[in-house]
Amino acid sequence: MLKNPASSATGLSRRSFMTGTVSAAAAAPLLASAAKAEEAAAVHSRLREAVAVSLRINGQPYALSLDTRTSLLDALRDHVGLTGTKKGCDHGQCGACTVLVDGKRVLSCLSFAVMNQGSEVTTVEGLASSDGKLHPMQQAFIDHDAFQCGYCTPGQIMSAIGCINEGHANSEDDIREFMSGNICRCAAYPNIVAAIVQARDQTRGT
Amino acid sequence: MRPFVYEQPNDISAAVAIASRFTTDDEQPTRANAQFIAGGTNLADYMKLGVAVPNRLLDLNRLEEPALRQIRVSDDGIRFGALVRMGEAADHAEVKRRCPVIADSLRLAASGQIRNMASLAGNILQRTRCEYFRETSWPCNKRVPGSGCAAMEGFNRQHAVLGASDACIATYHGDFAQALIALDAVVRAEGSRGARKVPFARLHRLPRDTPHIETDLAADEIITAIEVPAVAWARRSRYLKIRDRESYAFALASAAVALDLDGDSVREARIALGGVATVPWRARAAEAALQDKKLDEASADAAAQAAFADAESRQHNAFKVELGKRTLVRALLETRDMKV
């Protein structure tokens, strides 16, 4: 049913269509195919090479050697040993893997570790003070019983901290809207909202 | 996931040079040898699923040109750098004031985390979430040209009723794009053949018989900026998005509306529809239906009938025709009633 677009009626390749001169149009595919042959050989030898990735995680420097495919989530859990950050869907749909990168909440499952070179990553392990005193958001989750199974909780807590920092926790409606990327299958939502309100009021004054 | 080589070009011309060297325009975009990544929220997902299979990934986040990360507001309009994140643009005070439809469309899209990651250019180039495109065991003309379309007779509740072809009925799920096409935005792109401007309405291609070719961009072209021309009446604009759940879901139907009113009567209307079409969808017939008319429930309904006059539905998505009309009527009346 479908033809190869390069040979169809509209079928000048988009590159040759826009190149504008016949000679360049004819040459471009040749150059590209030579490059592709070279690419195949070059890439093959480089594909399995580990790359060096430097990160600061919870204030500590880490020098990691990783396959380029490693997500930031897998780097944290499997290479650094910080398993507080959870893998839920691994496709950016649940929020369980939320961490702060340079102070902003992101999904560590959809970020390749190598793209975070030089960044400061904060995970749930980095929240409590060195004397063991919990971060106000952690304490608020306990105070309000804001979890049941607890699997989504590290992501909820990191996302809630990001949400307040962004200025999107001004009302309970705001909190519900701007926390919608964190799914809780135990449906502890009312208590999560209450916990965020408490932590917001405690941390804003400081 | 297939292994890939990772590169971090320092500037636009370096990124274009690498892409130009390792790609050809007759490659299917998801299978292109070298692919660009910015936020990664769409591409990383599709690489995990085996739908996008680059063997060279060009990370655009280290490009040094400062304009790529800036929002500039002037008398000419608003210029968004391609690497500005969705969340930053959604929260920008002047964007909210001058073009509420843009800020709304971004705020109502994705989640807080994804909006912090996703770039504006990546957002407009996002690929469909058609279930049959996502799952590689199904036939899909967009993923494997000529293999067929499992959605035609499958579970097509999410699928498009406007702009479909015999080869593809996958919905374009973006929201920002509807605001841009309504406001006559222009995209700036740079590739090996130089820099050019592309009217937003010409950026995306209808599926026709080549659904795997989704945009007008060459394989080595990078979007560098998105420009929205200044029109004072863009202040009377909004984006209404109807979903299965109240937040963090794709639109079943949405409407971007901007109105230039003379009292009750419509001097000019700009309308785009989301969640119902295969590409960002400007509803020009609906705009024409409102021209010089008093905007009330009856004229809004007539415009909605015009917008969906050519709709074609399948087994599970027929509800979108009625939902789309009602969404547009509500968006028009709410926009009319905005205090500006």
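In the predicted model, chain B falls into two domains, with domain 1 covering residues 5-60 and domain 2 covering residues 68-340. The centres of domain 1 and domain 2 of chain B, taken over C-alpha atoms, are 24 Å apart. Where these domains meet, domain 1 of chain B contributes 24 residues and domain 2 of chain B contributes 24 residues. On the side of domain 1 of chain B that touches domain 2 of chain B, H1(B) gives the most, with five residues. That side of domain 1 consists of 12 nonpolar, 10 polar and two charged residues.

Chain B also touches chain A. This contact involves 37 residues of chain B and 44 residues of chain A. Five elements of chain B each supply at least two residues to the side that touches chain A: strand E1 (5-7), helix H1 (12-22), helix H2 (43-48), strand E3 (56-59) and helix H6 (112-117). The largest share of that side, five residues, is provided by H6(B). By class, the side of chain B that touches chain A holds 14 nonpolar, 14 polar and nine charged residues.

The largest nonpolar core has 162 residues. Within this core, the residues that touch the most other members are B:Leu120, B:Leu180, B:Ile271, B:Ala286, B:Ala303, B:Ala307 and B:Leu328. Leaving aside residues up to four places away in sequence, B:Ala307 is in contact with B:Ile271, B:Leu273, B:Ala283, B:Ala285, B:Ala286 and B:Leu328.

Technical notes:
Residues are numbered from 1 along each chain as its sequence is written. Chains are lettered from A and ligands numbered from 1 in the order in which they are written. This is a predicted model: local features need pLDDT of at least 70, side-chain atom pairs count only at pLDDT 80 or more; totals for chains, interfaces and linings use all residues. Two residues are in contact if their C-beta atoms, placed from the backbone, lie within 7 Å. Helices (H or I, at least four residues) and strands (E, at least two) are DSSP runs, numbered from the N terminus. Ala, Val, Leu, Ile, Met, Phe, Trp, Tyr, Cys and Pro count as nonpolar, Asp, Glu, Lys and Arg as charged, and the others, Gly among them, as polar. A nonpolar core is a set of buried Ala, Val, Leu, Ile, Met, Phe, Trp, Tyr and Cys residues joined through C-beta atoms within 7 Å. A residue is buried if 20 or more other C-beta atoms lie within 10 Å of its own, exposed if 12 or fewer, and partly exposed in between; C-beta atoms are placed from the backbone. Domain bounds come from an automatic or database domain assignment.
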